[in-house]
Amino acid sequence: MSDPLLQPRPEGLYCPAGDFFIDPMLPVTRAVVTHAHGDHARSGSGWYQVAAAGIGLMRERLGQDALIDAHDYGETFRMGDVEVSLHPAGHVLGSAQVRMAYGGRVVVVSGDYKRDPDPTCVPFEPVPCDVFVTESTFGLPVYRWPPMTQVIDDLLAWWDDCAQKQIPAVLFCYALGKAQRILAELAPRTERTVHLHGAMLRLVESYREAGVRMVPTEPVSESARGRDFAGELILAPPSAAGSPWMKRFSKASTGFASGWMQIRGNRRRRGYDRGFVVSDHADWPGLIRSVEDSRASRIYVTHGDGDTLIRHLRDLGHDAQSLRVLRGSDNESGG
Amino acid sequence: MHRFAALYAELDRTASTLAKREAIASYLRDAPAGDAAWAVYVLGGGKLRRLATSTELRQALAASTGYADWLIDESYEQVGDLAETIALMLPEGDGSLADEPLQTWMEQRLPALAKLESADRIAQLQAWWRALRPAQVFLLNKLITGSLRVGVSHRLVVQAIAQWSNQPTDLIAHRMSGTWKPSAEALTALTRAAGDDEHLADRPYPFFLASPIEHEVETLGDMSEWMAEWKWDGIRAQLMRRDGKIGLWSRGEERLDGRFPEIELAGAALKTDGVIDGEILAWDAASTLPRPFTALQKRIGKLKPGAKLLTSAPVCFMAYDLLEHEGSDLREQPLRERRDMLAALIDGVDPALMLSPPVVADSWAALTVERQQSRERQTEGLMLKRLDSPYRVGRKRGDWWKWKVDPYTLDAVLLYAQPGHGRRSGLFTDYTFGVWDGDTLVPVAKAYSGLDDKEIGQLDRWIRAHTTDRFGPVRAVEATHVFELAFEAVQLSTRHKSGVATRFPRILRWRTDKSIADADKLDDLRRLASG
């Protein structure tokens, strides 16, 4: 693949004409970072370009001393010979698609994105282009997200049920994006306080500073020793499941919020009592719609079940290809 | 249907037996009796006819969605359950049939579906799907494909009915044994108080099942309170003679009438009525030993065996216990009395009706020595039964123990893998293992269980990264990993490429310390099989 705008390299996706990397895995001189999840935002690079909406989260992730330029969505800036602009991806707060224009061609790297409404971030903006690079985390037609109102109904019913049984309800979800989205979706529905695992505190704070309205929260760590959490909702990252931290929530009912919970086998295998289908990635119809919206003549598909999406896009008459970009563990954005 | 779909969802999302029992009892309280009867039947593992082939379901799905066959196949491979794959891929239906009672589906709609021509059946399926919500589509598909597994045992259903109707569990279990036909009347009859007119003549008794012994046998106390007998490996069954009529029921509570005429003849030769608990075995009169289970398998499938098969694969009934004699229920009597009556009843009646002989030893240590003959005697080990024990219902711990001999083991190499189903769907969990035949590895066993979730995940990732070939859902993998397998027996077989068949293979452990050169050889298995 010899495209002046796009070249997979060991460090990450490279733009030769602009001499910069997108979401590099290793330290490089110049980086454009699409969003603050750990498998995309890596510290150690010389100079970062990010979306202004996510600057707080980026500082948390990349370090207070990192050299970061923040750009408003849609604002154009030059990197080498390339005109670059960042556009909302609807994935998490401050997430961006990278638009690159050079020599009369436009390439859009969409990063991680979703099409469903989310009160914590600006919705995905379709950007017309010649070449569209899409993710495919949920690249199978069995993945179609239910409306969030329905998920929140289920979540509230589960919380009420736990309250009635006098047991805690512990919901596992990724600390950046998913947790805040749930807290924000709950806000118009309840005034009750939700308890947070320590790993979520600063991230929730960053969202509040960015003006996102969420239900009241309280750190679990600030509760008195031996406090009874019966009937309370607690949010924790999946890594806390099965850890000694869980001991304080005796007889807790556990839930997991993830797109993978769409499949019954996954729900049963994970051993959580409840699965809630919440994802910050596009579902199958969202992927297809975004490809159509881009009006691109060539589609590159990155991680996930890429082969299926590529074959389907070809069936639909698109020129679709695979683009292998190495990513680290996607513990944070894995669903 | 929506009420039953909601019950299914509730059962599906809890692992707690107590919660499941509550959910079923609560459903029984609210549902119309006709629906409740069918719910009880299907949850308790009642047989459903397969009403459409999976090919028809796939064709209907392709027609409803416009998706290509390969895309449907890929999706199915990920989900591991066709009923669910369909529910996830279809456009959402309007729910206009959501309130249709379960009874109507089971008694009218589904039987009518079976009578249609294939093309009309596909059209009917599509029409129903358009009229149901996803959870109901899923359940309908499960009913159509005849497999409704939701972690509910027959026993649990019986307990839920007992809880709801406030009747003793054992009474419900007995009334439900045999062929219970679901209907509102049958459910009412099931749950009325016990009366003197109780007529259960056509029913077998619920079987009493032994549990595996987990401690040293010495902890069972004074040996004189116990009886030992061989653990025979055949089909557990009840042979009954009531009012002179003969019946034969398997532990799965299926009627076996007609399949084993020599046993029915032996039953007819009994001088008085009785119900005998025992084991059907393929029997070799010359060696007075049972023949391998594969010999019995030839008989299981044959509804009316011919003279040739009767001579080449004869069977016998090894009697364990007497549950009823001349119309009176003996189950509360101590085992020692039941055994005495059993011995008197069957003595000299027919060579095909044998008394399972006690294994006599004067100490636990001596019994342990006797047990070492288990394999030579073609048995799986010993059964230990308390002489004072009543004949209980189901698997109750304490009075009856099975003390099996240690399994055979072998080291084999992982050759193929395919995705599992249910809890393991979407993961490669069904493995095929091979051993060396000269310098090639030949498959000798398929095994599913034995690894923990962490190992399964690790192996799944490895399989995906080291696939060398694909055959539909099956992946051939690089020969790298060695596993220690346990199995109960090995037999020569012409149906298997390797020439041997292993019985109950399962994974004992992942031998990361071994290389493929350390795997076992086919010759050793052959020797074991012919020895």
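B:Met318 is found in strand E8 of chain B, which covers residues 315-325; strands here are DSSP runs of at least two residues marked E, and helices are runs of at least four marked H or I, numbered from the N terminus. The model is a predicted one, in which local features need pLDDT of at least 70 and side-chain atom pairs count only at pLDDT 80 or more, while totals for chains, interfaces and linings use all residues. Residues are numbered from 1 along each chain as its sequence is written, and chains are lettered from A and ligands numbered from 1 in the order in which they are written.

Is B:Met318 buried or exposed? B:Met318 is buried, because 22 other C-beta atoms lie within 10 Å, where 20 or more count as buried, 12 or fewer as exposed and values in between as partly exposed, with C-beta atoms placed from the backbone. Leaving aside residues up to four places away in sequence, B:Met318 touches B:Trp232, B:Gly278, B:Glu279, B:Leu281, B:Met354 and B:Ser356, a contact being a pair of C-beta atoms, placed from the backbone, within 7 Å.

Elsewhere in chain B, helix H4 (residues 54-65) packs with helix H8 (residues 118-130) at an angle of about 55 degrees, and their axes are 9 Å apart; axes are lines fitted to C-alpha atoms, for helices over the stretch in contact, and angles run from 0 to 180 degrees between N-to-C directions. That angle makes H4(B) oblique to H8(B), since angles under 35 degrees count as roughly parallel, over 145 as roughly antiparallel, 65 to 115 as roughly perpendicular and the rest as oblique. On the side of H4(B) the contact is made by B:Glu56, B:Leu57, B:Gln59, B:Ala60, B:Ala63 and B:Ser64, and on that of H8(B) by B:Ser118, B:Arg121, B:Ile122, B:Leu125, B:Gln126 and B:Trp129.

Between the chains, the contact takes 21 residues from chain B and 15 residues from chain A. Helices H5 (69-79) and H6 (82-89) of chain B each supply at least two residues of the side that touches chain A, and H5(B) gives the most to that side, with 5 residues.

Chain A itself is divided into domain 1 (7-142 + 280-322) and domain 2 (148-276), with bounds that come from an automatic or database domain assignment. The C-alpha centres of these two domains of chain A lie 29 Å apart, and 16 residues of domain 1 are in contact with 16 residues of domain 2.

Definitions and conventions. Contact = placed C-beta atoms within 7 Å.
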